[in-house]
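Hi there,

Here is the structure I promised to pass on to you. Have a look at it first, and then read on for what I found in it.

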Amino acid sequence: MSLKIATWNINSVRLRIESVVRLLDHHKPDVLCLQETKCPDDLFPEKAIKAAGYEYIEKSGQKGYHGVAIVARVPLEKASIKRFCGKEDCRHIQATAKGVEIHNFYVPAGGDEPDPEINEKFAHKIQFLEEMASWFKNAKQKTTAKRVVVGDLNVAPLEHDVWSHKQLLKVVSHTPQEVELFDKVLASHKWIDVPRLFTPEEEKLFSWWSYRSKDWQASNRGRRLDHIWASPAMDGMAKSVTTFTDARSWEKPSDHAPVIAEFKL
DNA sequence: ATGGCCGCCCTAGGCGGA
């Protein structure tokens with residue numbers, strides 16, 4: 001049995017519903033995890049997604065900001081959401097597909113100033129990552145459960161996960177404090193960084209390019225903010241990973257590209 | 001490195017993104 005799972009920060013699911021359907025038609029993942037849906041649950045564009053053959057939809061949205069959803073053409077079971085940092089801001093949803101427990105995250109971006117003392121958004125991000133680490137550390141069946149974490153984790157941990165390591169060391173998403181915490185979350189469940197199994201650490205690998213570049217491909221000042229992790233029980237199961245950069249050039253694109261992984265279960 | 005960009009919202013400038 002195989003599982004093909006895609007993750008995509010869509011930056012408004014209603015504005016880009018045609019792009020969502022286009023991705024589903026093109027790649028036919030079993031499961032697509034969306035972030036930044038920016039859509040209350042009662043306005044989620046279920047009809048178009050179901051018409052594309054994705055009948056199973058779990059979502060946690062709110063008006064205007066954040067929001068996550070899991071859509072699938074295979075049954076989704078045991079859906080639930082977890083709140084972080086005492087907020088109800090729709091940054092996590094999980095469901096099980098083909099026996100794999102899938103966690104879809106949208107980690108806070110963290111604002112501009114990488115100092116929790118003066119920037120409460122950065123403090124929120126730090127606390128969020130800390131809570132992720134303690135949650136996973138206390139998880140049951142860590143060596144036996146098939147689990148996947150996907151989503152916009154808003155941290156580019158490795159030197160070649162950003163266009164310029166040196167120039168981004170003090171830029172939120174790539175600061176040493178965030179990278180250290182990111183590694184702590186990884187270690188909390190011995191997660192496997194799946195895309196890096198297929199692209200060596202010394203090669204550039206990005207999933208996000210700012211809207212502010214005139215030509216995102218020419219400047220290529222990207223960052224790898226979107227991640228796919230697999231639990232130790234899935235060691236050896238990952239067969240391929242694609243960063244579907246074509247979608248970054250579609251009309252009215254999201255600033256993130258979909259990342260797609262295929263597992264042999 | 002910032003910001004020349006985006007999308008949202010009690011429609012228009014402020015907020016959040018990263």
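One term before we start: a residue is called buried when its relative accessible area is under 20%. Please also keep in mind that this is a predicted model.

Let's begin with the whole chain. Chain A contains 7 helices and 14 strands, and its C-alpha atoms fill a box of roughly 45 × 45 × 35 Å along the principal axes. Is the chain compact or extended? A compact globule of 265 residues would have a radius of gyration near 18 Å, and chain A has 17 Å, so the two agree. Of those 265 residues, 55% are buried. Contacts across the sequence are worth a look too: among those between residues at least 6 apart, 68% join residues at least 24 apart.

Now for the surface and the charges. The accessible surface of chain A is about 12,200 Å², and carbon and sulfur atoms account for 47% of that. Chain A has 39 positive and 37 negative charges, and their mean positions lie 2 Å apart.

Which residues of H3 are buried? They are Phe122, His124, Lys125, Ile126, Phe128, Leu129, Met132, Ala133 and Phe136.

Happy exploring!

Conventions:
Residues are numbered from 1 along each chain as its sequence is written. Chains are lettered from A and ligands numbered from 1 in the order in which they are written. This is a predicted model: local features need pLDDT of at least 70, side-chain atom pairs count only at pLDDT 80 or more; totals for chains, interfaces and linings use all residues. Side-chain values use heavy atoms; hydrogens and water are left out. Helices (H or I, at least four residues) and strands (E, at least two) are DSSP runs, numbered from the N terminus. The radius of gyration is taken over C-alpha atoms; the globule rule is 2.2 Å times the number of residues to the power 0.38. Buried means under 20% relative accessible area, exposed over 50%, partly exposed in between (1.4 Å probe, protein chains only). Contact means heavy atoms within 4.5 Å. Accessible areas come from the Shrake-Rupley method with a 1.4 Å probe; for residues, only the protein chains shown count as cover. Lys and Arg count as positive and Asp and Glu as negative; His and the chain ends are not counted. The place of a charge is taken as NZ of Lys, CZ of Arg, CG of Asp or CD of Glu.
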